[in-house]
Amino acid sequence: MTTDSPAAPRAGARTRVLLITGDLIGVRMAGPAIRVWNFADQLADTCNVRIVSWAKIERTSDRFGLHFVHETDDAAMQVHERWADVIVVQGIALRIFPCVAATDRIVVADLYDPFHLEQLEQNKHMPPVEWEEEVSKAVSLLNEQLERADTMICASERQQTLWLGALSALGRVNPLTYTADPTFDAFVRVVPFGLPEDEPVQTRHALKGTVPGIGADDKVLIWGGGIYEWFDPVTLVEAMALVVDDHPDVKLFFMSARHFNPDVPEMKVLGDTIAAADAHGLTDRNVFFNDTWVDYEDRVNFLLDSDIGVSTHPIHLETRFSFRTRILDYLWARLPIITTDGDSFADLVRANRLGAVVPAGDAQALADAIVSVLYDPEVIAAAATGLDRVRTEFTWERAVAPLREFCEDPKAAPDRAAGRRAAGSASERFARILAMPKGRRRDAALFVYYLRTGGISRVTDRLGHRRRRQRRP
């Protein structure tokens, strides 16, 4: 297998798409697994699809195949790699399976999670050397995908800008890719998370009148996902302490305080949040922590038992390029949204009056927003109108359309198809020469390079160019 001569898909046949994840596929799923599951479901109408995970697979589908491959079994993965026309990779898949890293198939890198930016927050409590190692490892994993992929997908236009900058630094923004698409919209496609087209239907009360301390008529704020280091739930608890004196019926429920996957470490911010709730006497009175991870299909019962969806975070680099997937669940359930400023969803909430956007770290502003969104009829009516309009823009069918379009007619990246990325290619040799210190050795290497690529006329031309430059004041 080689990456220099990409294999062409079979003419006239349905494209065979392999989706690889390292997440559990089951009744409980986190973002990466939810994403590949819905990709597979949307692609299955026009493509033959398989999901392979090196974690457990506990559910089935009659629309696509599901396969478990142990992460040390590269031979088993080769069966799926050779079957595929297009391989969609996430996270560390290229590092786990050498046959995928070396494939001649067309590769799509799913970069919806800029996890190198998450590492800046997640591991900031580590010793400095270990923190730097974790970030460097993440950057290395991402660069491997950026250098190999034939196309990339991401979750937002902000992320598209981030990855275009990274691709530019790696030399993937070049005359060949520019000629194919000067906008680069087809090279880095925006494929956000989606939400179901079906209306949410409640089958039971998961919170109101069910959780001890939450009454049937209480007002419930829901935190619809995990508590991670790049969020700011502590300020939210501080805001609740300000709200409940006048509004004791307001309750805050953290839907998934602890991750179901033991490989995901418990983060310091969880302990800080519980400590803040304890300090204010709010735990199990106005603030509730769900110690289990809610089943994927059951989350609707928690969402529809809530009155507001909330997401708060500090302002840092991860915030700028994040895509908070829990916000889509709020849109699906038509929950007014309160969020901190600074990310792309804050722009969406503000522009469409979906709830309230508050400054980072401002407990009083957050408390005022909670009261306003819960009790102000004008705010409530504006949010309802906006939610009805905006939620249709984020269905999975619409979200996956750019990926579906590529998979139905996949093509190798023009620079890879031309062999530009091959070791020893002219562009690679030129880059190595330019990195050499200025001096006679570099001049000699440039002379040989120009002679080989353009003959004596090019050598003469470049020499004249250098002399003109040196004569400038």
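## Surroundings of Arg189

Beyond its neighbours within four places in sequence, Arg189 is in contact (heavy atoms within 4.5 Å) with Thr151, Met152, Ile153, Cys154, Pro402, Glu405 and Phe406. The model is predicted: local features need pLDDT of at least 70 and side-chain atom pairs count only at pLDDT 80 or more, while totals for chains, interfaces and linings use all residues. Residues are numbered from 1 along each chain as its sequence is written, and side-chain values use heavy atoms, with hydrogens and water left out.

Arg189 lies in strand β7, residues 188-190 (strands are DSSP runs of E, at least two residues, numbered from the N terminus). Because its relative accessibility is 12%, Arg189 counts as buried (under 20% relative accessible area, with a 1.4 Å probe and protein chains only). The side chain of Arg189 reaches the backbone oxygen of Ala186 at 2.9 Å.

## The sheet

An open sheet is formed by 7 strands in the order β3-β2-β1-β4-β5-β6-β7, with parallel pairing (two strands pair if DSSP finds at least two bridges between them). Strands β3 (65-68) and β7 are at the edges with a single partner strand each, so one side of each has no neighbour in the sheet. From one strand to the next, the twist averages 25° (axes are lines fitted to C-alpha atoms, and angles run from 0 to 180 degrees between N-to-C directions).

Strands β1 (residues 16-21) and β4 (residues 86-89) run parallel and are joined by 3 bridges. Val17 has Val86 in β4 as its bridge partner.

Helix α2 (residues 74-83) packs on the sheet and touches β1, β2 (48-53), β3 and β4; helices are DSSP runs of H or I, at least four residues. The direction of α2 makes about 155° with that of β2, the helix axis being fitted over the stretch in contact.

Definitions and conventions: Buried < 20%, exposed > 50% of the residue type's maximum accessible area, 1.4 Å probe, protein only. Polar contact = N/O pair within 3.5 Å; in protein donor to acceptor, adjacent residues only side chain to side chain.
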